[in-house]
Amino acid sequence: MNSTLLSLPATTARRTRIATFGIGVGLALFVASMAAGQSGPPPGGGKSGPPPEALSACNGKAIDDSCEMNTPRGGQSVPGQCVTTPDKQLACLPQGAPPPQN
C-alpha cells in the first residue's frame, strides 16, 4: 500500500508531461495545416474567377458595356458592367460589387 502511494505523484507527473507533449504536437500540426491551407484553392473548393454566368453575360460586348446576368445560386437577374478580369476575360461585374484585383 505504501509503494502505491509513493508512485502516484511520479505517475501523475509522467501523465502531465505526456499530455503537454501531445497538446504541443497537436498545436504544431494545426498551425502547419493552417499555413499550408493558405496557398490552396479558394473557399468553397472551386476554381477562382468569375462564374460562367458572368462570362456569358458579356459575350459579344466590350469593356464598360452594361450587362445583366442571372446569379449562380438564386437565378435572380442582376444588372452590371462588363469588366476585364485579372486573367484577361470579359465578365459582368454586378452593380455594387468591388472591382476585380489585377
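Asp-64 counts as exposed at 53% relative accessibility, where exposed means over 50% relative accessible area, buried under 20% and partly exposed in between, with a 1.4 Å probe and protein chains only. Asp-64 is found in the loop between α2 (52-56) and β1, and its phi is near 75 degrees, a positive value in a residue other than glycine.

This is a predicted model, in which local features need pLDDT of at least 70 and side-chain atom pairs count only at pLDDT 80 or more, whereas totals for chains, interfaces and linings use all residues. Residues are numbered from 1 along each chain as its sequence is written, and side-chain values use heavy atoms, with hydrogens and water left out.

## Overall architecture

The protein has two helices and three strands, and from the N terminus on these elements run α-α-β-β-β; helices (H or I, at least four residues) and strands (E, at least two) are DSSP runs, numbered from the N terminus. Of the 102 residues in the protein, 13% are buried. Among the contacts with a separation of 6 or more, 23% are accounted for by residues 24 or more positions apart, a contact being defined by heavy atoms within 4.5 Å.

## Strand pairing and hairpins

Strands β1 and β2 run antiparallel and are joined by five bridges, and β2 and β3 likewise run antiparallel with five bridges between them; two strands are taken to pair if DSSP finds at least two bridges between them.

The hairpin formed by β2 and β3 has five residues between the strands, with Lys-88 in the turn. Lys-88 has a positive phi of about 65 degrees although it is not a glycine, and it is exposed, with a relative accessible area of 67%. Thr-85 lies in the loop between β2 and β3 as well, but Thr-85 counts as buried, at 5% relative accessibility. The side chains of Thr-85 and Asp-87 are joined by a polar contact of 2.4 Å, a polar contact being a pair of N or O atoms within 3.5 Å, of which, within protein, one must be able to donate a hydrogen and the other to accept it, and residues adjacent in sequence count only if both atoms are side-chain atoms.

## Glu-68 on the uncovered face of β1

Strand β1 (residues 66-70) contains Glu-68. The strand has a covered face, made up of Cys-67 and Met-69, and an uncovered one, made up of Ser-66, Glu-68 and Asn-70. Glu-68 itself is exposed, with a relative accessible area of 54%.

Leaving aside residues up to four places away in sequence, Glu-68 touches Ala-57, Ser-77, Val-78, Pro-79 and Cys-92. With one of these, Ser-77, Glu-68 makes a polar contact of 2.3 Å between the side chains. The C-alpha atoms of Glu-68 and Pro-79 are separated by 4.4 Å, although the two residues are eleven apart along the chain.

## The largest pocket

Rolling a probe the size of a water molecule over the atoms shows where empty space is left. The largest pocket has a volume of about 340 Å³. Of the 17 residues that line this pocket, the closest to its centre are Gly-49, Pro-50, Pro-51, Leu-93 and Pro-100. On a 1 Å grid over the protein atoms alone, a pocket is an open set of points with protein on both sides within 12 Å along at least five of seven lines, for a 1.4 Å probe, and lining residues have an atom within 4 Å of a point. Grid points are joined across faces, edges and corners, and a volume is the space filled by probe spheres set on the points.

Strand β3 supplies the largest share of the lining of the largest pocket, four residues. The lining residues divide into 13 nonpolar, three polar and one charged, where Ala, Val, Leu, Ile, Met, Phe, Trp, Tyr, Cys and Pro count as nonpolar, Asp, Glu, Lys and Arg as charged, and the others, Gly among them, as polar.
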